[in-house]
Amino acid sequence: MKPHSFFMGVLLSAAFGNAGAQAMDGKAVFTKNCAACHQANGKGIPGAFPSLAGNPLVQGPAADVATVLLKGRGGMPDFSASLSDTDIAQVLTYARSSWGNKAGAVPDTEVASLRSALQAAQAGSGRLSNKH
């Protein structure tokens, strides 16, 4: 590796730090738990699974979309018992900043507070689990 390439990599890592790691983890959680229905491109399947790309709920208040993951909605199951607060925060941050969406990150502390307020089940210990 050329020295300037290494240096640029270090600078980029420092500049993006945890945000880059969170996006990568969020993408992994999405791929494992969401992409089968909502598709890797976030466009869903018309008439069956809604698009997340450009979706006002996804880009709206974080608590609204987090509630869907914690309690379910319509035909969508809840993920409270299978995804941790960190997993939910990461996957929401990924969805809210992908496919042209421009909403802010979701902190895991906000998900934890919401989980408690909703009295939603606590997640098991399996990383990237998928009960569906």
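Trainee: How far is the sulfur of C37 from the closest cysteine sulfur?

Mentor: A disulfide is a pair of cysteine sulfur atoms within 2.5 Å. The sulfur of C37 is 8.5 Å from the closest one, in C34, which is too far for a bond. By this rule the count of disulfides is zero. Before we continue, please note that this is a predicted model, in which local features need pLDDT of at least 70 and side-chain atom pairs count only at pLDDT 80 or more, while totals for chains, interfaces and linings use all residues. Residues are numbered from 1 along each chain as its sequence is written, and side-chain values use heavy atoms, with hydrogens and water left out.

Trainee: Is C34 buried or exposed?

Mentor: Buried means under 20% relative accessible area, exposed means over 50%, and partly exposed lies in between, with a 1.4 Å probe and protein chains only. C34 is buried, with a relative accessible area of 12%. C37, in turn, is partly exposed at 30%.

Trainee: Which residues touch the most other members of the largest nonpolar core?

Mentor: In soluble globular proteins, nonpolar side chains tend to be buried together. A nonpolar core is a set of buried Ala, Val, Leu, Ile, Met, Phe, Trp, Tyr and Cys residues joined through side-chain atoms within 4.5 Å. Here the largest core has 23 residues, and F30, L69, L70, I88, V91, L92 and V111 touch the most other members.

Trainee: Which helices each supply at least two residues of this core?

Mentor: Helices are DSSP runs (H or I, at least four residues), numbered from the N terminus. Those in question are α1 (3-33), α4 (62-71), α5 (85-96) and α6 (108-118). The largest share, six residues, comes from α5.

Trainee: What does L92 touch, not counting residues up to four places away in sequence?

Mentor: Contact means heavy atoms within 4.5 Å. On that basis L92 touches V65, A66, L69 and V106.

Trainee: Which residues of α6 are buried?

Mentor: In α6, the buried residues are V111, L114 and R115. They cover an arc of only 105 degrees around the axis, so they lie on the same side of α6. The arc is that of the directions from the helix axis to the C-beta atoms. These buried residues pack against α4 and α5. The face turned away from the buried side carries the exposed residues T109, S113, S116 and A117.

Trainee: How many salt bridges does the structure hold?

Mentor: A salt bridge is a side-chain nitrogen of Lys or Arg within 4 Å of a carboxyl oxygen of Asp or Glu. The structure holds one. The side chains of D85 and R115 meet in it, at 2.5 Å from N to O. D85 lies in helix α5 and R115 in helix α6, so the pair ties together parts that are 30 residues apart in sequence. D85 is buried, with a relative accessible area of 18%, and R115 also counts as buried, at 1%.

Trainee: Where does W99 lie?

Mentor: W99 is in the loop between α5 and α6. Its phi is positive, about 60 degrees, although W99 is not a glycine. W99 is partly exposed, with a relative accessible area of 24%.

Trainee: What is the phi of Q119?

Mentor: Q119 has a positive phi of about 55 degrees, although Q119 is not a glycine. Its place is in the segment after α6. Q119 is exposed, with a relative accessible area of 72%.
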